[in-house]
Amino acid sequence: MRRSAGLLAAALVTLTACGTKAEVVTGGENGKGGTLTVLATSDFSHLDPARNWTMREMMFGSRLLYRTLTTYKAGSSEIVPDLATDLGTSSDGGKTWTFTLKDGLKYEDGTPIKAADVKHNVERSMAPDITGGPDYAKNLLVGGTEYKGPYDGEHLDSIETPDDKTIVFKLKRPAGEFSYTVTLPTFSPVPEAKDTKVEYDNRPFSSGPYKIEKYERGKELVLTRNEHWDATSDPVRLALPDKIHVKQGQDGDTITDRLIAGSGDDANAIGWLHVGQQSLSKILPNPQAKERLVTMVTGCTDWISFNTPKKPFDDPKVRQAVYHALDKEAIQTAFGGPNMAEIATAYLPPTMTGGAKQDVYAIPPAGDVEKAKALLAEAGVALPLKVKMTTTTTSNTTETAIQESLKKVGIEVELNPVDGAVFNDHSGDLAKADEMSVHGWCPDYPNGSSFLPPILDGRNVMPTGNSGNTAFFKDGEVDKKIDEIYTIEDPAASNKAWQELDSAVMRKLPMAPIAWAKRSFLFGKNVTGVANHPVWAAQPDYATIGVKKSS
Amino acid sequence: MILYTLRRLGAMALILLAICAITFSVFYLLPDDPALDACGKTCSPERLADVRHAMGLDQPVVAQFAAYVTGIFTGRTLGTTGLECAAPCLGYSWQYTTPVWDLLLDRLGASASLAAGAAALWLVAGVAMGVVAAVRKGTLLDRGIVLSALTMTSVPVYLIAALLIYFVILRSELLPYPDYQPLLEDPAAWAGALVLPWITLAALYAAMYIRLTRASMIETMAEPYIRTARAKGLPERTVVVKHGLRSTVTPILTIFGIDLGGLLAGAMITETMFGLPGLGKLTFDAIGKSDQPVVLGVTLLAAFFITFANLAVDLLYGVIDPRVRYT
Amino acid sequence: MTTTPIEAAPPRSPGRLALARLRADRPAMAGLVIVAVLVALSALAPLITWWTGWAPETFDKSAIDPDLGGLPRGAWGGVSAEHLLGVEPVTGRDLLARVLYGGQVSLLVALAATAITMVTGLALGLLAGYLGGWVDTVISRLIDLLMSFPSLIFMIAVLSVVRDVNRLVLLVTVMAVFGWTVIARIARGQVLTLKHREYVEAARVGGAMTGHVLRKEVLPGLTAPILVYATQSIPAYIGAEAALSFLGVGVRPPTPSWGQMINNARGWFMTDPMYLAVPCFFLGLTVLAFTLLGDGLRDAFDPKEEAS
């Protein structure tokens, strides 16, 4: 079991580094062949690249079934060219982006991949029947908002394909981050001849290392090698197993128990979903199971949204008082303890800042009650201060923990439980929203443009249906800064600018960050190369996973 | 008798139509907007309107219902891209991008296997033990049977399932983890995957049938005609089976028909716990994902089974208990 | 449960006799005592939690180990002088408080649903069976319709439609709407069978009043199946509430119920068996007690028993 020591070290690396530095462990025996079993509770929401917009499914699709213009390095948030020869070149101040496809790229039937096929998939993602996919293309491309898809013969003029190798995107605004945007499955090729429209979801045509042999939705998916995929053109995907068998419809707790036991074929299996907190108490005290667990923060941030147009939280001092009063340790416990969440001190999660955790206030984790009381006095608030917090009828342990910690400074929080189905309607309605509610955001790619503008841009605030800017925060300075950062073309420089904006807004505090959730995944003893991916919500990166020959 | 059957079939059709209408309107009132669910994480009002139109949700509810019922007989074309849904079209699952009818057919096998095996097990075990307990009333055997029936009824089904999985599969590895395959493709895997679910379901129902049979049997055995039969010098076995059991069967059969009909789509927890790809599991997933066409389809199919089972039971009454007259 | 002969019956009536027989039935009396104790404990839950100092919704951060996914500290799921039955993992909430408050909910739902079901089912079943004609047609068609519904699926749909209503009232209503049909059908079936038996025909020919025939001839024949069904109904409703909680539409947190507690505890049963054992014990005991009581009642009401 020498290999296991290495894996344990890898688990520790991912636990402590929790960022882009996570290393991929490829053991000595890590070779090609074998069948990887994936144990899942239910079906994928979508595998059609035009409809795929959930983190783990985006990982699965773009690592195994289709290639995108650019993609992430294994286990890293750094981008590399995939179908394209480079990360794209921009002109017109960042409003026009050109990509050139590599030579010799082929689909599963050996036919060549053409630039027009990428255009076709972007177009079909805007058809009314092809629902659920990312809307970045629709919002960024000139004419995208009005376009209704290619199926009635109309085409989108803002995507040009002058030849089979070149694709040009014309955007509405400068987008320095566009090299990241084209990592999304929207920017993968779908040949028109193979497009089965809505039913493409049941059988995507492969441009990646595997093709679908069998897909019975909700029951199983079997992937076998795509012989026409060329490893030399692909910088990321190792494509180690000969076969990948996803078994769907298994009970979640049972999956964990099977993986802990890891007997028989389960030694070649990996869990599709992260393990629940009740399972951690089984895994952590069990050394032979613990070494088969990988953990990482998700890249999502949870926070308390203050209703900023409304009293008493129109006053930043009162918001800061609440933030100082919070017992974030108690909140962390409500999330499931240090193994399930980190205490958040900024909006941008560490996965987006190269691991750095910005902390403008440096408050002790259990809160600073004296400072909170002083701030309340400064703001001239009469105590006890009574406020309401929206919560759902199904889960409110986090809210209860917040309620308990604010009691200490004389703020009485009344929980207002609403049905889960209407929580977003209620808390996103300017007229109906309570003073506080707990929300979160996960970025679609590791660039501040996918995180801060959706939650902070005051121009997005609508009378109803706000799902990003749930604090209804309007600040002209912030909006102006967002527009400035959009034009920065150098990714490193723009990320730095987004971090500065993060700190600036933290001082105004429209939302109070509370937690960065973590996820842990369990796998069998023959499975190799498992490392969480920081972009796809800590999901293990299937680009590098292999199966050791059972001994 | 034939006229009676025809009339019942007519009533069955009416009942199914009523259930269809009630269920359809309930789903129409659900707080979840299926278009909003389908639309994605962010959804502009314009895009939502397009999606609603593509899914046919912008039509008045009566028109939607009419289209649904017509589709069952003639099939229909859905969406804006000419999606075909052949008759009998019970709607289209946007979640699985498959016609609901195909999904139902696909999942029926596992549910039918589960229900048939479990029903056979509990009916035989339940009635036999119930009769034995009644005949041997007051003895140690009776008390033992009554006590185990009591224990079994008090354990929730998912607890039985969890304990079986833990002890039989994970701990002692007597059985591999269930990997359901259709009977005709791989009989060994089929049976292997179903043994524990059969036991789980049968334990639950057997306990109920033991108590029911015992109570009913004790009452029957005290009837004057049983005394008469005994007085005539008939062997005790004949008295119990031919005279006693016969009138006890009527109430049991009523319950059995209902249970069996309901079980085809109702073994939601058992199927979920054992990962069986049946109708109950399909429904469980569909409810979680607001896939309303699937829930509607399963409701209708299940209602069909239940009404059909009721009819069959009523017709069987005549065979078993000649005192029942069809009017 | 619905026939309350103790109040209705004149001296030396069958009811009085039944009561005497029940008193002599030791298992039934044990059941009665347990039921009384459980009801009393649930009713006194606020007093008991005031005495222990732990309300059912108060977190206890110190009672759990955050590094082990929130497993209770100490043996037996955190049993201590502070928490007599241990604590819930993750939150550290007091299990004694939760199981007592949960008992209130589970018992209330089951008893209310059973009572409504029995009264409605018996009344409508008897009417349909005895009066016949159009009354029978209407009631029978209604029964057919309701019995043809896959009730679990439909209940889930209804429970997720209706919002901003008291969950418990809704739960009882939904379960009762589907529950009464079984008893009505049994009642109707028994009446139909009895109707053709000689002694009822004889009573009719003798010009006896409808009410009299019902009470004297039909009801006693129904006592046994109805009591057995009622005793099965109470635990069945507790189970139904649990199943609906399992599927996410039952009693909602933070309000505890036994079913919900068992569901939550399922994933913990290897590492914190106490969390599962506590609600299971209470549930099992309740089921056992009600069943013993029901069996005793049946024996007590059924004079034919003695003949065999």
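Is Gly31(C) buried or exposed? Gly31(C) counts as buried, at 0% relative accessibility, where buried means under 20% relative accessible area, exposed means over 50%, and partly exposed is what falls in between, with a 1.4 Å probe and protein chains only.

Before I go on, a word on the basis of this talk. This is a predicted model, in which local features need pLDDT of at least 70 and side-chain atom pairs count only at pLDDT 80 or more, while totals for chains, interfaces and linings use all residues. Residues are numbered from 1 along each chain as its sequence is written, chains are lettered from A and ligands numbered from 1 in the order in which they are written, and side-chain values use heavy atoms, with hydrogens and water left out.

Let me stay with chain C. Gly31(C) sits in helix H3, residues 26-43; helices here are DSSP runs of H or I with at least four residues, strands are runs of E with at least two, and both are numbered from the N terminus. If we leave aside residues up to four places away in sequence, Gly31(C) touches Ala289(C) and Leu292(C), contact being heavy atoms within 4.5 Å. The C-alpha atoms of Gly31(C) and Thr286(C) are separated by 8.7 Å, although these two residues are 255 residues apart along the chain.

The UniProt record, an unreviewed entry, places the annotation "transmembrane region" on residues 29-51, 105-130, 142-162, 168-187 and 274-293 of chain C; its positions are given in the numbering used here, feature names are shortened, and annotations may be inferred rather than shown by experiment. In the model, residues 29-51 of chain C are 96% helix and 0% strand, with the end C-alpha atoms 30 Å apart. Residues 274-293 of chain C, in turn, are 100% helix and 0% strand, and there the end C-alpha atoms are 28 Å apart.

Helix H6 of chain C, residues 95-131, has 37 residues and reaches 52 Å from its first C-alpha to its last, close to the 54 Å expected at 1.5 Å a residue, the expected span being 1.5 Å times one less than the number of residues. Just after H6(C) comes Gly132(C), which takes a positive phi of about 65 degrees.

Thr307(B) is buried, with a relative accessible area of 5%, and its side chain reaches two backbone oxygens, that of Ala303(B) at 2.8 Å and that of Phe304(B) at 2.9 Å. Not counting residues up to four places away in sequence, Thr307(B) touches Met12(B), Ile15(B) and Leu16(B), and also Ser148(C).

Next, the interface of chain A and chain C. The size of an interface is often given as the accessible area lost when the parts come together. Chain A and chain C bury about 2,100 Å² between them, 58% of it on carbon and sulfur atoms, the area being what two parts lose on being put together, summed over both, with a 1.4 Å probe. Across this interface of chain A and chain C the rule finds zero salt bridges, a salt bridge being a side-chain nitrogen of Lys or Arg within 4 Å of a carboxyl oxygen of Asp or Glu. On the side of chain A that touches chain C, helix H6 (252-261), helix H7 (277-283), helix H10 (328-335) and helix H12 (397-407) each supply at least two residues, and the largest share, five residues, comes from H7(A). In contact terms, 26 residues of chain A meet 20 residues of chain C.

Finally, salt bridges elsewhere: over all chains, a search of the whole structure finds 43 of them. One of these joins Asp201(A) and Arg51(A), with the closest N and O atoms 4.0 Å apart. Asp201(A) lies in the loop between helix H5 (178-181) and strand E8 (210-216) of chain A, and Arg51(A) in the loop between strand E1 (35-39) and helix H2 (55-65), so the pair ties together parts that are 150 residues apart in sequence. Both Asp201(A) and Arg51(A) are buried.

Arg107(B) forms a salt bridge with Asp106(B), the closest N and O atoms being 3.8 Å apart; Arg107(B) is buried, at a relative accessible area of 1%, whereas Asp106(B) is partly exposed, at 35%. These two residues belong to a network of salt bridges that also links Lys214(A), Glu216(A), Lys219(A) and Glu220(A).

How values were computed
Polar contact = N/O pair within 3.5 Å; in protein donor to acceptor, adjacent residues only side chain to side chain.
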